[in-house]
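The sequence and the structure are shown first.

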Amino acid sequence: MIPPSEPVPPSNSASALTQFFPGGNFKEAFDEKVVLIVGGANGIGASLVELCCQNGAHVCIGDIDTTEGEALSKKCRDKWPVYWDPALPPKPPRTSFYTADITDYQAVVSLFDRAFRTYKRIDHVVVTAGSMEAGNNWFDQKLNLESVQEPPSTKDIRFQKK
Ligand SMILES: NC(=O)c1ccc[n+]([C@@H]2O[C@H](COP(=O)([O-])OP(=O)(O)OC[C@H]3O[C@@H](n4cnc5c(N)ncnc54)[C@H](O)[C@@H]3O)[C@@H](O)[C@H]2O)c1
């Protein structure tokens with residue numbers, strides 16, 4: 001297990017434990033940082049993996065999709081190699097991939113453990129793992145500047161009130 005380096009706030013704390021605002025300067029925000037991206041093999045997570053690597057971060061990818069995760073990890077290591085002064089200790093890899101199913105609590109714990117052992121610290125964690133139920137498309141492809149003026153359906157809100 002990872003030993004906590006600082007006092008851990010109570011788990012029922014109403015405020016967020018950490019907040020991160022990268023602002024406009026991604027290079028300054030990400031350079032040499034260690035980012036764990038859970039669900040980073042595809043989609044939004046994969047885009048973030050590349051954005052972080054491009055800006056100098058070391059990224060640990062955790063995902064259930066081993067094929068895509070390993071392929072992305074290799075792509076990033078090739079595209080953004082890590083250089084260091086040979087007189088200094090070697091830097092950790094640009095990316096590493098670990099298969100993890102986030103519905104399995106123990107798999108999540110061991111993902112954090114392995115990331116921490118590889119990189120000796122974790123600066124940021126982003127979780128984009130998930131999937132949409134088939135037929136439940138929340139993203140309205142037809143939305144445009146005109147249709148957004150129309151009030152949305154309140155069908156779901158009425159359902160909640162009942
Ligand atoms: N893309 C959109 O427009 C949109 C809109 C609303 C909500 N979302 C939600 O945001 C999240 C990310 O969206 P996306 O478009 O990048 O999806 P995506 O399907 O492209 O990527 C999701 C990633 O999560 C991984 N994953 C799924 N279940 C997992 C599990 N149990 N353990 C570990 N990894 C798992 C998948 O393997 C995949 O790599 C999803 O939860 C999605 O439902 C997306």
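## Basis of the description

Two residues are taken to be in contact if their C-beta atoms, placed from the backbone, lie within 7 Å. By this criterion, and with neighbours within four places in sequence set aside, I61 is in contact with I37, G40, A41, V49, G69, L72, S73, T95 and F97. The model is predicted.

## Overall architecture

The secondary structure of the chain comprises 5 helices and 4 strands. Read from the N terminus, these elements follow the order α-β-α-β-α-β-α-β-α.

Of the contacts in the chain with a separation of 6 or more, 61% are accounted for by residues 24 or more positions apart. Buried residues make up 21% of the 162 residues of the chain.

An open sheet is formed by 4 strands in the order 3-2-1-4, with parallel pairing. Strand 3 (95-99) and strand 4 (124-127) are at the edges; each has a single partner strand, so one side of each is left without a neighbour in the sheet. From one strand to the next, the twist averages 15 degrees.

Strand 1 (residues 34-38) and strand 4 run parallel and are joined by 4 bridges. Within strand 4, V126 is the bridge partner of I37. Strands of a sheet pair through backbone hydrogen bonds, in either a parallel or an antiparallel manner.

Helix 3 (residues 66-79) lies across strand 2 (58-63) and strand 3. Relative to strand 3, helix 3 runs at about 170 degrees.

## The nonpolar core

The largest nonpolar core contains 24 residues. Within this core, the residues with the most contacts are V35, I37, V49, C52, V59 and I61. At least two residues of the core are supplied by each of strand 1, helix 2, strand 2, helix 3, strand 3 and helix 4 (105-119). The greatest contribution, 5 residues, comes from strand 1.

## The ligand surroundings

The ligand is surrounded by 20 residues, of which the closest are G39, N42, G43, I44 and G130. Helix 2 (residues 43-54) provides the largest share of this shell, with 3 residues. Classified by residue type, the shell has 9 nonpolar, 8 polar and 3 charged residues.

## Local features

Which residues other than glycine have a phi near 70 degrees? E32 and K120 both show this positive value. E32 is placed in the loop between helix 1 (26-30) and strand 1, while K120 is in the loop between helix 4 and strand 4.

K74 lies in helix 3. K74 has 12 C-beta neighbours inside 10 Å and so counts as exposed. Although K74 and T95 are 21 residues apart along the chain, their C-alpha atoms are separated by 7.6 Å.

Methods:
Residues are numbered from 1 along each chain as its sequence is written. This is a predicted model: local features need pLDDT of at least 70, side-chain atom pairs count only at pLDDT 80 or more; totals for chains, interfaces and linings use all residues. Two strands pair if DSSP finds at least two bridges between them. Axes are lines fitted to C-alpha atoms, for helices over the stretch in contact, and angles run from 0 to 180 degrees between N-to-C directions. A residue is near a molecule or strand if its C-beta atom, placed from the backbone, lies within 6 Å of it. Ala, Val, Leu, Ile, Met, Phe, Trp, Tyr, Cys and Pro count as nonpolar, Asp, Glu, Lys and Arg as charged, and the others, Gly among them, as polar. A nonpolar core is a set of buried Ala, Val, Leu, Ile, Met, Phe, Trp, Tyr and Cys residues joined through C-beta atoms within 7 Å. A residue is buried if 20 or more other C-beta atoms lie within 10 Å of its own, exposed if 12 or fewer, and partly exposed in between; C-beta atoms are placed from the backbone.
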